[in-house]
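Please look over the sequence and the structure before reading on.

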Amino acid sequence: MMASLVLLVTKDCFLCGAARRDLDEVAARAQITWEEIDVVDRDDLAREYGDRLPVVLLEGKEHSYWDVDKPRLLRDLGVS
């Protein structure tokens, strides 16, 4: 079963570009894909996560915010 990996962003997020590049790298190593969601389209997500974007969700749970903890994420995805 493929892991669910989501990056929450918003238009004016200056850290989101680096997070995208990091997730591209992690996803390539883990041989999975990831999804990006702009919280401006989701009031529930904006309320929950809007003050700490970008946020990485793994299996629907917050994994990291502001930056991608690549070593931890790879470990949690079972990639050495």
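The sections below describe the fold, the surface and the disulfide of this predicted model.

## Fold and dimensions

The protein chain contains three helices and four strands. Read from the N terminus, these elements follow the order β-α-β-α-β-β-α. The radius of gyration of the protein chain is 12 Å, close to the 12 Å given by the globule rule for 80 residues, so the chain is as compact as a globular protein of that length.

Along its principal axes, the C-alpha trace of the protein chain extends about 35 × 25 × 15 Å. Of the contacts between residues at least 6 apart in sequence, 62% join residues at least 24 apart.

## Burial, surface and charge

Buried residues account for 40% of the 80 residues in the protein chain. The accessible surface amounts to about 5,100 Å², and carbon and sulfur atoms contribute 48% of it.

The protein chain carries 11 positive and 17 negative side chains. The centres of these two sets are 3 Å apart.

## The disulfide

The torsion about the S-S bond of cysteine 13 and cysteine 16 is about 95°, so the disulfide is right-handed.

Residues under 20% relative accessible area count as buried. Cysteine 13 has a relative accessible area of 16% and is therefore buried. Cysteine 16 is likewise buried, because its relative accessibility is 1%.

How values were computed:
Residues numbered from 1 in each chain as written. Predicted model: local features only at pLDDT ≥ 70, side-chain atom pairs only at ≥ 80, totals over all residues. Heavy atoms only, no water. Helix = DSSP H or I, 4+ residues; strand = E, 2+ residues; numbered from the N terminus. Rg over C-alpha atoms; globule rule 2.2 N^0.38 Å. Buried < 20%, exposed > 50% of the residue type's maximum accessible area, 1.4 Å probe, protein only. Contact = heavy atoms within 4.5 Å. Areas by Shrake-Rupley, 256 points an atom, 1.4 Å probe, with all protein chains shown as cover. Lys, Arg positive; Asp, Glu negative; His and termini not counted. Charge placed at Lys NZ, Arg CZ, Asp CG, Glu CD. Disulfide = S-S within 2.5 Å.
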